[in-house]
Amino acid sequence: MRKSGFIYVALLALAVSAVSCSKRVAPTSVEVKDPVRHYFPILQGQTLELVFEVANTGDNPLVITEIQTSCGCVVADRKSHIIVPPERSQFIRLKYDSNKNVGAVAHTIWVYGNILPAGLVKLKFDVNVVPDAGYTRDYEELFREFGLKNGLVQRMVDGRETDKNYYTDDEE
């Protein structure tokens, strides 16, 4: 009986110490320099380095717990899960890979932590991804590739002689 009482007391002490070790960090206010950005056009396949400065303007330490992106083409640096002391700032580094995008692209990054008022801050950016002109075939290349074989491209561009999609005053 004495042995089981000792084990019971030891387990109770362990449970109390485990519960008392968990400390919740109070919320704090943050300020992000230029949270919405519009980048100049880039060529498809280029990467864009994104660096957002996050300043802790509150009295408690800022603990960034998670960073989520709207696309797998935007990847956060693993060192971006950071703790920022009060009145200090740190950088969140991201890399955007434009390999699979063409045209106007807009993405959102959600940064979660003990941030006032809702526990998150949104970062946004957009960029125009331009296809490389070296990969775009022009009319002559298409004509040589397809038109010489069966005249398909030439008929699509020039039309048939009997069907020009126009008429003249002489025809009635």
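Colleague: In what order do the elements of the chain run from the N terminus on?

Modeller: They go α-β-β-β-β-β-β-β-β-β-β-α-α, and that comes to three helices and ten strands. Helices are DSSP runs of H or I with at least four residues, strands are E runs with at least two, numbered from the N terminus. Mind you, this is a predicted model: local features need pLDDT of at least 70, side-chain atom pairs count only at pLDDT 80 or more, and totals for chains, interfaces and linings use all residues. Residues are numbered from 1 along each chain as its sequence is written, and side-chain values use heavy atoms, with hydrogens and water left out.

Colleague: Why is Thr28 called buried?

Modeller: Buried means under 20% relative accessible area (1.4 Å probe, protein chains only). Thr28 has 2%, so it counts as buried. You'll find Thr28 in the loop between helix 1 (2-21) and strand 1 (30-32).

Colleague: What is Thr28 in contact with, leaving aside its neighbours within four places in sequence?

Modeller: Contact means heavy atoms within 4.5 Å. The partners of Thr28 include Asn56, Gly58, Pro61 and Leu116. For Gly58, the backbone nitrogen lies 3.5 Å from a polar atom of the Thr28 side chain.

Colleague: How do you know that strand 1 and strand 4 pair?

Modeller: Pairing takes at least two bridges found by DSSP. Three bridges join strand 1 to strand 4 (residues 47-56), so they pair, running antiparallel. Glu31 stands opposite Ala55 in strand 4.

Colleague: And what makes strand 1 an edge strand?

Modeller: The open sheet has the order 1-4-8-6, with antiparallel pairing. Strand 1 and strand 6 (74-76) each have a single partner strand, so one side of each is left without a neighbour in the sheet.

Notes:
Buried < 20%, exposed > 50% of the residue type's maximum accessible area, 1.4 Å probe, protein only. Polar contact = N/O pair within 3.5 Å; in protein donor to acceptor, adjacent residues only side chain to side chain.
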